[in-house]
Amino acid sequence: MSLAAWLWLLLFQGWFWRTDVRLPASREPDGWPDVCVVVPARDEAAVLPASLPSLLAQDYPGRAEVFLVDDGSTDGTGDLARELARRRGGLPLTVVPPGEPPAGWTGKLWAVRHGMELALARDPEYLLLTDADIAHAPDSLRRLVAAAGTGGFDLVSQMARLRVESRWERLVVPAFVYFFAQLYPFRRISRPGSRTAAAAGGCVLLRADAAARARIPDAVRHAVIDDVAVARAVKRSGGRVWLGLADGVDSVRPYPRLGDLWRMVSRSAYAQLRHSPLLLAGTVAGLALVYLVPPAAVAVGAAAGSPPCVLLGAAAWLVMAGTYVPILRYYRQPLWLAPLLPVTAFLYLLMTVDSAVQHRRGRGAAWKGRTYARPEAAAEEA
């Protein structure tokens, strides 16, 4: 059963394991449209010096400006942003507080809403929604706008290249993108008629009129996994969506310890399962069958002297490791990590279970110190 599952994933799950879905070929427009950049930020002083200057230094031929929404930071995020803009120059920067979110809103989306209101007063054609820990290459905005215009996309998103420097980052981070692509195959997202929709919140270029049609962000105000919810809303309203891996869009946020990565995953894993115990049980069983059975079959078959068990387990393990190799190459990591994917999958299984346990204890999902434990939020997102 595990080998059959892997053969199906290899051949029929949208070629999720390939890493060649990058910004499509594009041509520069005759006139560059206006763009406003919205950055929700909460206690981001540690990463702003490595990210904000890259936004301000965008080589964009049209009119662009940046709105950083300082969401109740206690570490001087807003003051640091103003100082960086004063020293570095570049695109105009406006720093504003959004106030406390009203009932029914997650804090991040309330900050995005406030930033979008200010941005839309400038009547831009596009909005770039990006996180405070994302560093952009100088031509990032130019390439996004050109790709959206050429392809006729209402939403263009790039999965930022996450940091992989610590031992735990090397083990866990590439798998995060690998599992995401397995759930939301990038090729299916841009295919006309496909219901698959997703985006990566660190880098989302959105047409202003598409945001209005989809009622973004009001329509997804409860969403904890806001990037996927935004893409779904745009697609349901008739918009075209594209998502791929990034070149020149990088997360500078460090996750040096396993606990840091654990919190990153567990804060929203149960929300992804719509807070459903049944879906949780199915996910645990599925992860065990697909990722844990192959090495277990090899070990048990060898101990019991059963060559068929060893061969079937080894074949499934080989297919699994082979599908993981492209993402390891994308992250420039050693290929000996590929056979360790079952270990990483087991960690993700534990993180998912822990996410459910935290929800049962009333802690729920969280963003930057704010916790959301409302079951109705999951219902709204679903």
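**Rings, helices and loops**

Modeller: Ring pairs join Trp6, Phe16, Tyr178, Phe179, Tyr291, Tyr324 and Tyr348 into a cluster. Bear in mind that this is a predicted model.

Biologist: How many aromatic pairs does the structure hold?

Modeller: There are 11 aromatic pairs. Take tryptophan 32 and tyrosine 60: ring centres 5.4 Å apart, planes at 75 degrees, so that pair is edge-to-face.

Biologist: Where do those two sit in the chain?

Modeller: Tryptophan 32 is in the loop between helix 1 (2–12) and strand 1 (35–41). Tyrosine 60 is in the loop between helix 2 (48–56) and strand 2 (64–70).

Biologist: Buried or exposed, tryptophan 32? And tyrosine 60?

Modeller: Tryptophan 32 counts as buried, at 17% relative accessibility. Tyrosine 60 is buried too, at 8%.

Biologist: Staying with helix 6, how does it pack with helix 13?

Modeller: Helix 6 (residues 167–183) and helix 13 (residues 341–360) pack at about 75 degrees, with axes 10 Å apart. The cut-off for roughly perpendicular is 65 to 115 degrees, so helix 6 is roughly perpendicular to helix 13.

Biologist: Which residues make the contact?

Modeller: From helix 6: Trp168, Leu171, Val172, Ala175, Phe176, Tyr178 and Phe179. From helix 13: Leu341, Thr344, Ala345, Leu347, Tyr348 and Met351.

Biologist: How many of them are nonpolar, polar or charged?

Modeller: The contact has 12 nonpolar residues, 1 polar and no charged.

Biologist: What about serine 166, where is its place?

Modeller: Serine 166 is in the loop between strand 6 (155–161) and helix 6. Its relative accessible area is 14%, so serine 166 is buried. Leaving aside neighbours within four places in sequence, it contacts Tyr255 and Pro256.

Biologist: And arginine 161, which ring does it lie over?

Modeller: Arginine 161 lies over the face of tyrosine 330, at 4.0 Å from the ring centre.

Biologist: Switching to helix 2. How many of its residues are buried?

Modeller: 7 of its 9 residues, so helix 2 is mostly covered. The buried ones are Leu48, Ser51, Leu52, Pro53, Ser54, Leu55 and Leu56.

Biologist: What do they pack against?

Modeller: Strand 1, strand 2, helix 3 (77–88), strand 3 (93–96), strand 4 (126–130) and strand 5 (134–136).

Biologist: Now the backbone. Which peptide bond is cis?

Modeller: The bond from isoleucine 216 to proline 217 is cis, with omega near 5 degrees. Proline 217 is in the loop between helix 8 (208–214) and helix 9 (226–236). Arginine 215 lies in the loop between helix 8 and helix 9. Its phi is near 55 degrees, a positive value in a residue other than glycine.

Biologist: What about the phi of arginine 274?

Modeller: Arginine 274 has a positive phi of about 60 degrees, although it is not a glycine. It lies in the loop between helix 10 (258–272) and helix 11. At 49% relative accessibility, arginine 274 counts as partly exposed.

Notes. Residues numbered from 1 in each chain as written. Predicted model: local features only at pLDDT ≥ 70, side-chain atom pairs only at ≥ 80, totals over all residues. Heavy atoms only, no water. Axes fitted to C-alpha atoms, helices over the stretch in contact; angles between N-to-C directions. Helix = DSSP H or I, 4+ residues; strand = E, 2+ residues; numbered from the N terminus. Parallel < 35°, antiparallel > 145°, perpendicular 65-115°, else oblique. Contact = heavy atoms within 4.5 Å. Nonpolar A, V, L, I, M, F, W, Y, C, P; charged D, E, K, R; others polar. Phe/Tyr/Trp six-rings, centres within 6.5 Å; stacked < 30°, edge-to-face > 60°. Buried < 20%, exposed > 50% of the residue type's maximum accessible area, 1.4 Å probe, protein only. Lys NZ or Arg CZ within 6 Å of the ring centre and 35° of its normal.
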